[in-house]
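Please look through the structure below with its sequence alongside.

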Amino acid sequence: MLLYPCLGLIFLSFSRADIVSTSSVSSGECVGSITLHDGEKTLSISEGVENLEESMAVKKAVLEGCGDCFRLYQKKNGRGRSYFVNRRGEHTITMGKVRSVHKVPCSNLAMPMWVVLIIVVIIVMLVGMGTVVGVKRWRSKRYDS
């Protein structure tokens, strides 16, 4: 009988929420920047750059500050393999050369709120139906004995 409430608690313990921060320069909030490292050569970017003047064999990227995230692309105009830089700190880049960088909102990979609501409603309905079926079986076994 306590199985279904326990399953609900287990589902809740696995849930995770992240705070997504967005910023704008006009409001005076913090602005993020990314620094690309190619050996001794470094390039710091705080705005979305379509194409770099020349490709860089980037070994690591460091995201500093707060605000938007960056996507590094292997080819011009945001084509080719990409690497999504979504958290502050140092990132090891394994895709080789970087030719274009785009500043993107960090929430572009987040699940829309309506999808989360639908999933929660489905889980609640399944737990409710399971509880009803379990109680009916338990009562029928108790009265049959």
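**A walk through the model**

The side chain of Arg99 comes to 2.3 Å from the backbone oxygen of Leu52, a polar contact (a pair of N or O atoms within 3.5 Å; within protein, one must be able to donate a hydrogen and the other to accept it, and residues adjacent in sequence count only if both atoms are side-chain atoms). This is a predicted model, in which local features need pLDDT of at least 70 and side-chain atom pairs count only at pLDDT 80 or more, while totals for chains, interfaces and linings use all residues. Residues are numbered from 1 along each chain as its sequence is written, and side-chain values use heavy atoms, with hydrogens and water left out.

Beyond its neighbours within four places in sequence, Arg99 has contacts (heavy atoms within 4.5 Å) that include Leu52, Glu54, Tyr73 and Lys75.

Strands are DSSP runs of E with at least two residues, numbered from the N terminus, and two strands pair if DSSP finds at least two bridges between them. Within this pairing, Arg71 is opposite Phe84 in β6. The two strands make a hairpin with 3 residues between them, and Asn77 in the turn has a positive phi of about 55°.

Is Gly32 buried or exposed? Gly32 is buried because its relative accessibility is 2%, where buried means under 20% relative accessible area, with a 1.4 Å probe and protein chains only. Not counting residues up to four places away in sequence, Gly32 touches Phe70 and Lys103, among others.

Definitions and conventions:
Helix = DSSP H or I, 4+ residues; strand = E, 2+ residues; numbered from the N terminus. Buried < 20%, exposed > 50% of the residue type's maximum accessible area, 1.4 Å probe, protein only.
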